[in-house]
Amino acid sequence: RRNVIAHRAVSMIATAAASVPWKLTEQRARTSRVVENHVLLGLLNNPNPLQGGTELCEALYSHRLIAGNAYLHAIGPKDGMPLELHVLRPDRVQIVPGAGGVPKAYRYSIDTRTVDVPVDAMTGQSRILHLKTFHPLDDWYGMSPMEAAAYSIDQHNQCSAWNQALLQNGARPSGALMVKAGEGMPG
């Protein structure tokens, strides 16, 4: 949050990825055709009352880049087509482990309220789609690209803080350099 370079990198990637238009095709035997009008395209372009499709995708991609995990929640009838799509904050989602590498549920918490969204143990399907990056040491969560860059980001932040302190001190370094007069030096 305090590093302009990391923020800009995430913003540029998410904005570019979200600007790619959706293209829906229908496959039949050996031919395919582009579908111009479909309820799925309508949902992707207008996912909920507070966001357009581009905004939703930017948030989804940003969460994946920052946290290594992104969650898309489909709202609607239990066995029907979703009516709305919402991006969930990764810091509010906890995976409830299940058997065989399939989550039992996704637990979403806001303040003191908690909701469990179940996962079908046979199919792995859920009303929450979990997009994650590869993590070599975790079976449930993705590894944040920011984690790999954390040392460089911290180093940049510390250099910026030191430069800011120097400028606030009139560009005079703190302390003094004392040199003893010696051979070849004026006394």
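Colleague: Leaving aside its neighbours within four places in sequence, which residues is leucine 24 in contact with?
Modeller: Leucine 24 lies in strand β1, where helices (H or I, at least four residues) and strands (E, at least two) are DSSP runs numbered from the N terminus. Taking contact to mean heavy atoms within 4.5 Å, and leaving out the neighbours within four places in sequence, the partners of leucine 24 are Arg33, Val34, Val35, His38, Leu40 and Leu41.

Colleague: What pLDDT do local features need in this predicted model?
Modeller: Residues are numbered from 1 along each chain as its sequence is written, and side-chain values use heavy atoms, with hydrogens and water left out. This is a predicted model, in which totals for chains, interfaces and linings use all residues, side-chain atom pairs count only at pLDDT 80 or more, and local features need a pLDDT of at least 70.

Colleague: At what angle do helix α1 and helix α3 pack?
Modeller: Two packed helices are described by the angle between their axes and the distance between the axes. The axes are lines fitted to C-alpha atoms, for helices over the stretch in contact, and angles run from 0 to 180 degrees between N-to-C directions. For helix α1 (residues 4-18) and helix α3 (residues 53-67) the axes are 8 Å apart, and the angle is about 140 degrees. Angles under 35 degrees count as roughly parallel, over 145 as roughly antiparallel, 65 to 115 as roughly perpendicular and the rest as oblique, which makes α1, relative to α3, oblique.

Colleague: Is the crossing of α1 and α3 left-handed or right-handed?
Modeller: A crossing is called left-handed if the near helix is turned anticlockwise from the far one by less than a right angle, and right-handed if it is turned clockwise. By that convention, the crossing of α1 and α3 is right-handed.

Colleague: How do the residues of the contact of α1 with α3 divide into nonpolar, polar and charged?
Modeller: On the α1 side the residues are Val10, Ile13, Ala14, Thr15, Ala17 and Ala18, and they meet Thr54, Cys57, Glu58, Tyr61, Ser62, Leu65 and Ile66 in α3. Ala, Val, Leu, Ile, Met, Phe, Trp, Tyr, Cys and Pro count as nonpolar, Asp, Glu, Lys and Arg as charged, and the others, Gly among them, as polar. The residues of this contact therefore divide into nine nonpolar, three polar and one charged.

Colleague: Is serine 62 buried or exposed?
Modeller: Serine 62 has its place in helix α3, and, not counting residues up to four places away in sequence, serine 62 touches Val10 and Ala14. Buried means under 20% relative accessible area, exposed over 50%, and partly exposed in between (1.4 Å probe, protein chains only). Because its relative accessible area is 19%, serine 62 is buried.

Colleague: Which residues beyond its neighbours within four places in sequence is threonine 133 in contact with?
Modeller: Threonine 133 belongs to the loop between β8 (128-132) and α4 (145-168), and with a relative accessible area of 14% this residue is buried. One of its partners, Gly68, comes after α3 and has a positive phi, near 85 degrees. With neighbours within four places in sequence left aside, the contacts of threonine 133 are Arg64, Gly68, Gly142, Met143 and Ser144.

Colleague: What is the phi of alanine 29, a residue other than glycine?
Modeller: Most residues other than glycine have a negative phi, and most peptide bonds are trans. Alanine 29, in the loop between β1 (24-28) and β2 (31-35), counts as exposed because its relative accessibility is 91%. Its phi has a positive value, near 50 degrees.

Colleague: What is the phi of aspartate 111, which is not a glycine?
Modeller: Aspartate 111 sits in the loop between β6 (105-110) and β7 (113-118), and its relative accessible area of 79% makes aspartate 111 exposed. Although aspartate 111 is not a glycine, its phi is positive, at about 55 degrees.

Colleague: How far apart in space are proline 82 and proline 136, C-alpha to C-alpha?
Modeller: Proline 82 is placed in the loop between β3 (69-75) and β4 (84-88), and, leaving aside neighbours within four places in sequence, proline 82 is in contact with Leu43, Ala74, Ile75, Gly76 and Arg127. Proline 82 and proline 136 are 54 residues apart in sequence, and their C-alpha separation in space is 33 Å.
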